[in-house]
Amino acid sequence: MTKYNIPDLHGVRVAMLATEGVEQVELTEPRAALRDAGAMVEVVSPRTPDFRAWDRTEWGETIRVDRALDAARPEDYDALVLPGGVMNPDFLRLEARAIAFVRAFMQANKPVAAICHGPWTLIDADSVKDRTMTSWPSLQTDLRNAGAKWVDKEVVVDRNLVTSRKPDDLPAFIAHAGEVISQAAARRKAAE
């Protein structure tokens, strides 16, 4: 077990869809935790070869892109993580390829973990109706209008979907996302 009590994820491939303005810690912490558990994690982005992260109140690190969105195929991954920040998902929801990428994971019932403003892309992917979710508080009306039941909790798990509100929720978000990804990987292996 890892720092976040994530079961072994060796052999699991995770995509992290992000772009300019991603909330730095919402990308770097889950990526490190999933890698520590053995997962192969790739940052997928429409912007290559890198982009700038947002660190609370100013520009932060430069994030290296592992795979261009054009070259990424949802079927090559077992799970998807959608970090937040205001700019990142707002840019992504204007990218038809990003929305199609997110929609493919949800339609295949693969694990999807979204934090903070990350659920905005799920709205545009028509993937929140009848789901119980949380997010940054300013998204609650958008999520409700799209058919979700919004709740104010540090983490919510609804089948394959894990959502959290903010960076302070990262420990719970990472632990629950890791567990959902592990369970899905075990089901996939059992079916092979």
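Thr57 counts as exposed because its relative accessibility is 66%; exposed means over 50% relative accessible area, buried under 20%, and partly exposed in between (1.4 Å probe, protein chains only). Thr57 sits in the loop between β3 (50-55) and β4 (58-64). Its C-alpha is 9.9 Å from that of Glu23, at a separation of 34 residues in sequence.

This is a predicted model: local features need pLDDT of at least 70, side-chain atom pairs count only at pLDDT 80 or more, and totals for chains, interfaces and linings use all residues. Residues are numbered from 1 along each chain as its sequence is written, and side-chain values use heavy atoms, without hydrogens or water.

Strands (E, at least two residues) and helices (H or I, at least four) are DSSP runs, numbered from the N terminus. Two strands pair if DSSP finds at least two bridges between them. Seven strands build an open, mixed sheet, ordered β5-β2-β1-β6-β7-β11-β10.

Two of the pairings:

| Strands | Direction | Bridges | Opposite residues |
|---|---|---|---|
| β1 (13-17), β6 (79-82) | parallel | three | Ala15, Leu80 |
| β10, β11 | antiparallel | four | Val155, Ser164 |

β10 and β11 form a hairpin with two residues between them. Arg159, in the turn, has a positive phi of about 55°.

Helix α6 (residues 170-191) lies across β1, β6, β7 (112-115), β10 and β11 (161-164). Contact means heavy atoms within 4.5 Å. The helix runs at about 175° to β11. Axes are lines fitted to C-alpha atoms, for helices over the stretch in contact, and angles between N-to-C directions run from 0 to 180 degrees.
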